[in-house]
Amino acid sequence: MVNALSYVVVETPHLQAWIDQARDHVGLQVEVVEPQVCVRLRADEKIQRLLVTAVSGEASMGMGFEVSNAEEHTRLRQVLEAAGYAATDGSAEEIARRGVAGMYHFRDPDGVRIEVCHGLGDAASPFVPGRPLGGFRTGDLGLGHVALITEHFDELSHLYRNLFGFKVSDHTQAPFRVEFLHCNPRHHTIGLAHTGGPAKIYHLMLEYNDFDDVGRAYDMALEKPESIGVTLGRHINDHVTSFYLKNPDGWMFELGWAARTIGPEWQVEELQGMSLWGHDRTWLPDHKREEARQILKRLAAEGVRAPVVIPSHTAKARP
Ligand SMILES: [Fe+2]
């Protein structure tokens, strides 16, 4: 059973642009592993949360999922292999760069690299954000969530639910098929969407502890409006207030705050929309943007709203 999204691995032809955005805009800590070749991005006390490596070819992103210990790591491999996913051991260098105790990897049906790890270690030094920040909300909730556009919805849903042990949080069929899945109290760690378009990474959500850090990231993005993929808004399901920032490889960071958490009493919901307000998807065709606008107007007319639940550690006083 997977406990959390532990880290992501990025291969990019734009390493320096990644470093600059991660440090100066998102506020991650950059630690150089090999100059011009590989950096670790830190979001907390862990050795890394994003491992970014330069490549000359196409950009890619893979995910590292964590299990509780070595026994579970081995057991899950057997489950995956019985289901037809041939896993390959991580090399000594891959394991050292990630700072994990063990790792194997395979490709999902869309070709996305999936790593299964255990024992992601703490760094030797405290976390120092790239810009003044109240930090990121990680811990037992994992790094954040990833939304994928898939060409193999049923196979991926089967992989996450029946092999990895995720549970459904909510879903919708319109305007296209979407399923949100959780593996810990974070409302969703994975979102799957079948839009009819080609498979791609849609976004990685990182959650700030402090709302002001979303606002400051938004101020910076407004200086380059073309960097905003989705405007400020609030999601209808996890209640995150966020906007989406395009990264140098064209997929996006969702930078958010105040996600609600869910427990074992959770009831699966059919979603009435994607957002309570805002979240204008600047990349959508005009008629789809208009459709989304009409949904927001209907929700507003119905008075649909959600309380803001502030995690206790976001409320502590800052110097
Ligand atoms: Fe999201």
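This report walks through the sheets, helices, cores and aromatic pairs of a predicted model.

## The ten-stranded sheet

Let us start with an open sheet of 10 strands, whose pairing is mixed. The strands follow the order β17-β10-β11-β12-β9-β13-β16-β15-β14-β18. At the edges stand β17 (269–270) and β18 (275–278); each has a single partner strand, so one side of each is left without a neighbour in the sheet. Within this sheet, β10 (residues 167–172) and β11 (residues 177–182) run antiparallel and are joined by five bridges. Here Asp170 stands opposite Phe180 in β11.

Helix α4 (residues 153–163) packs on the sheet, where it touches β9 (145–149), β10, β11 and β12 (190–194). The direction of α4 makes about 10° with that of β11. The buried residues of α4 are Phe153, Leu156, Ser157, Leu159, Tyr160 and Leu163. After α4 comes Gly165, with a positive phi near 90°. Helix α5 (residues 211–222), for its part, lies across β13 (200–208), β14 (228–235), β15 (241–246) and β16 (252–257), and runs at about 35° to β15.

## The eight-stranded sheet

Another open sheet has eight strands in the order β2-β3-β4-β1-β5-β8-β7-β6, again with mixed pairing. Its edges are β2 (29–34) and β6 (88–89), each with a single partner strand, so one side of each is left without a neighbour in the sheet.

Strands β3 (residues 38–42) and β4 (residues 50–54) run antiparallel, with four bridges between them. Leu41 has Leu50 in β4 as its bridge partner. Helix α2 (residues 70–82) lies across β6, β7 (102–107) and β8 (113–118), at about 20° to β7.

## Nonpolar cores

The largest nonpolar core holds 61 residues, and the members that touch the most others are Met63, Phe65, Leu80, Tyr160, Phe164 and Leu204. Leaving aside residues up to four places away in sequence, Phe164 touches Met1, Val2, Phe65, Leu76, Leu80, Phe106, Ile114, Val116 and Leu159.

## Aromatic pairs and charges over rings

In total, the structure holds 17 aromatic pairs. One of these is the edge-to-face pair of Tyr202 and Trp283, at 5.5 Å centre to centre with 75° between the planes. Tyr202 belongs to strand β13 and Trp283 to the loop between β18 and α6 (286–302), so the pair ties together parts that are 81 residues apart in sequence. Tyr202 is buried, with a relative accessible area of 14%, whereas Trp283 is partly exposed at 39%.

The rings of Phe211 and Trp257 form a stacked pair, because their centres are 4.5 Å apart and their planes are at 25°. This pair also links distant parts of the chain, with Phe211 in helix α5 and Trp257 in strand β16, 46 residues apart. Phe211 is partly exposed at 39% relative accessibility, while Trp257 is buried, with a relative accessible area of 10%.

The charged end of Lys200 sits over the ring of Trp283, 5.9 Å from its centre. Likewise, Arg77 places its charged end over the ring of Tyr104, 5.0 Å from the ring centre.

How values were computed
Residues are numbered from 1 along each chain as its sequence is written. This is a predicted model: local features need pLDDT of at least 70, side-chain atom pairs count only at pLDDT 80 or more; totals for chains, interfaces and linings use all residues. Side-chain values use heavy atoms; hydrogens and water are left out. A nonpolar core is a set of buried Ala, Val, Leu, Ile, Met, Phe, Trp, Tyr and Cys residues joined through side-chain atoms within 4.5 Å. Buried means under 20% relative accessible area, exposed over 50%, partly exposed in between (1.4 Å probe, protein chains only). Contact means heavy atoms within 4.5 Å. Two strands pair if DSSP finds at least two bridges between them. Helices (H or I, at least four residues) and strands (E, at least two) are DSSP runs, numbered from the N terminus. Axes are lines fitted to C-alpha atoms, for helices over the stretch in contact, and angles run from 0 to 180 degrees between N-to-C directions. Rings of Phe, Tyr and Trp (its six-membered ring) pair if their centres lie within 6.5 Å; planes under 30 degrees apart count as stacked, over 60 as edge-to-face and the rest as tilted. A charge sits over a ring if NZ of Lys or CZ of Arg is within 6 Å of the ring centre and within 35 degrees of the ring normal.
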